[in-house]
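Please keep the sequence and the model at hand while reading.

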Amino acid sequence: MEERGAEPELRRFTWEEIAQRTGRGPAAEERWLVIDRKVYDISRFHRRHPGGSRVISHYAGQDATDPFIAFHLDKTLVKKYMSPLLIGELAPDQPSFEPSKNKKLVEDFRELRATVEKMGLLKPNRTFFLLHLCHILVLDIAAWLTIWYFGSSTVPFLFSALLLGTVQAQAGWLQHDFGHLSVFSESKWNHWVHKFVIGHLKGAPASWWNHLHFQHHAKPNCFRKDPDVNMHPLFFALGKKLSVELGEQKKKFMPYNHQHKYFFIIGPPALVPLYFQWYIFYFVVQRKQWVDLAWMMTFYIRFFLTYLPLLGVKGILGLHLLVRFIESNWFVWITQMNHIPMHIDYDKNMDWFSTQVRPSFQRAVSLNGGRCITPKRADHSSNGNREENISSLSSLCEVSDMCKGRGCRNGMEALNAEYRFCQRKEPKVLQWSSDGDLPMHGGWISRFVFCLI
């Protein structure tokens, strides 16, 4: 007989049962996921998920332990709200994550993440973010003063547009960190400053950015899950496997053999002024995000009130379009070009580390002739809600025993020395697969790649 007040025994599940609850197929109405061996039913909750329905649904039928840690600041609080969703746990004979994943790599990564957090390498420098914000405000004021003092002739007009384009680009990088809850220890302060930077300084909705960018981080370069590669196949043929699939299906929406040419017309110059500019208003109205709309309107009101007396209606519209054009080129070449040339495919449910690394790294030739693997973006890091400073590369390399004792003076020296060491000791480990995937050979190679984060 059960004792009064005793909790009922949790149901036990296998990975085969969980993999069938993806929201598609025979069990289309069911969505399950696993966090720390606990099984949660998000079939109804996914629509009320604060981070968005899609980002959590992308992990239905999978282990979501690592993305859960990466995306949530106060994990203890979040787990309290998850209690009603708990339906069971993995059976004792089941591994903590899917058998198809690299066991040693997952374990090594989780150990490294805990070590990095313990070392305090993920703590943000708030002075840096304050100075970043101040320099944006200074440039914004300087742009207005340029036209106010020198007039609206061609040179002051273009110089002011360049300053405002820089403001938009720099505000974009700054809002990214607040949007990831990377600066303050309390989520509410991150959200407030995020809305100010992206809404008032850029004229875009925070909810729109969260909706798209969180999906990108959850499943980067995974077709139908990462919005950043949604231009396939309507405009471009992306990825080796997806392009071959189009050929086999005999589908052709554009002259793909010329996409390297028309990219320069519909890519960098057009993304922001011709697409984002109208879509952000459609997004907030369609989803009834009235708070975001209010923040956006403060940007346009301020912009028109300050520049209308100096430029007139035609001048201010021309300035706004030119600023968006500059911002668009800046944004696309720095962000999209870090991922589009990399491996793009359907979701293969790889481990979290491989998911983040594969679309963000490239092989490059160092100045001293040695081969190395260099990080493409800082935001695909060991912890999604913290940004590592590039100056911390040498400190992070100290986590691995292999990286110690090399006499490296800086991060890049550490990378090159590490790779040369690996080439001498285990050359086969560093061979890349035919499709460009990272050579994941257990914990040995993971300790090498960890030095690159």
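## Aromatic pairs

Phenylalanine 129 is buried, with a relative accessible area of 8%. The structure is a predicted model, and the values here are computed from it. A search for aromatic pairs gives a count of 30. One of them joins phenylalanine 71 and phenylalanine 214 in an edge-to-face arrangement, with 5.9 Å from centre to centre and 65° between the planes. This pair links distant parts of the chain, since phenylalanine 71 belongs to helix α3 and phenylalanine 214 to helix α9, 143 residues apart. Phenylalanine 214 counts as buried, at 15% relative accessibility. The pair of phenylalanine 128 and phenylalanine 129 is also described by its ring geometry: the centres are 5.2 Å apart and the planes stand at 75°, so this pair is edge-to-face.

Ring pairs also build a cluster, made of Trp208, Tyr275, Phe276, Trp278, Tyr279, Tyr282, Phe283 and Phe331.

## Charges over rings

Two contacts between a charged side chain and a ring can be described here. The charged end of lysine 219 sits over the ring of tyrosine 59, at 4.0 Å from the ring centre. For arginine 21, the charged end sits over the ring of tryptophan 32, and the distance to the ring centre is 4.3 Å.

## Salt bridges

Side chains of opposite charge can pair when their charged atoms come close. Across the whole structure, 18 salt bridges are found. One of them is between aspartate 66 and arginine 110, whose closest N and O atoms are 3.1 Å apart. Aspartate 66 lies in helix α3 and arginine 110 in helix α5, so the bridge ties together parts that are 44 residues apart in sequence. Aspartate 66 is buried, with a relative accessible area of 5%, while arginine 110 counts as partly exposed at 22% relative accessibility. Both residues belong to a network of salt bridges that links Asp63, Asp66, Arg110 and Arg113.

Lysine 103 and glutamate 107 meet in a salt bridge with an N to O distance of 2.7 Å. Both of these residues lie in helix α5, 4 residues apart, which is about one turn of the helix. Lysine 103 is exposed, with a relative accessible area of 51%, and glutamate 107 counts as partly exposed at 35% relative accessibility. Arginine 324 and glutamate 327 form another salt bridge, at 2.9 Å from N to O. They both lie in helix α13 (residues 290-334), 3 residues apart, again about one turn of the helix. Here both arginine 324 and glutamate 327 are buried.

## Cavities

Rolling a probe the size of a water molecule over the atoms shows where empty space is left. The structure holds 4 cavities of 30 Å³ or more. The largest cavity has a volume of about 80 Å³. Its lining has 13 residues, and Pro220, Cys222, Met350, Thr355 and Arg358 lie nearest the centre. By class, this lining is made of 5 nonpolar, 5 polar and 3 charged residues.

The second largest cavity holds about 70 Å³ of space. Residues that line the second largest cavity include Tyr59, Asp63, Asp66, Arg110, Met350 and Thr355. The elements giving two or more residues to this lining are α3 (65-71), α5 (103-118) and α14 (352-357). Its residues divide by class into 6 nonpolar, 1 polar and 5 charged. Asp63, Asp66 and Arg110, which are among the lining residues, also take part in the salt-bridge network described above.

## The second largest pocket

About 1200 Å³ of space lies in the second largest pocket. It is lined by 48 residues, and those nearest its centre are His49, Pro50, Gly51, Gly52 and His72. Two or more lining residues come from each of β2 (32-35), α2 (53-57), α3, α4 (75-82), α8 (187-201) and α9 (206-218). Helix α9 gives the largest share, 6 residues. By class, the lining of this pocket has 25 nonpolar, 17 polar and 6 charged residues.

Technical notes: Residues are numbered from 1 along each chain as its sequence is written. Side-chain values use heavy atoms; hydrogens and water are left out. On a 1 Å grid over the protein atoms alone, a cavity is a set of points where a 1.4 Å probe fits but cannot get out, and a pocket is an open set with protein on both sides within 12 Å along at least five of seven lines; lining residues have an atom within 4 Å of a point. Grid points are joined across faces, edges and corners, and a volume is the space filled by probe spheres set on the points. Ala, Val, Leu, Ile, Met, Phe, Trp, Tyr, Cys and Pro count as nonpolar, Asp, Glu, Lys and Arg as charged, and the others, Gly among them, as polar. A salt bridge is a side-chain nitrogen of Lys or Arg within 4 Å of a carboxyl oxygen of Asp or Glu. Buried means under 20% relative accessible area, exposed over 50%, partly exposed in between (1.4 Å probe, protein chains only). Rings of Phe, Tyr and Trp (its six-membered ring) pair if their centres lie within 6.5 Å; planes under 30 degrees apart count as stacked, over 60 as edge-to-face and the rest as tilted. A charge sits over a ring if NZ of Lys or CZ of Arg is within 6 Å of the ring centre and within 35 degrees of the ring normal.
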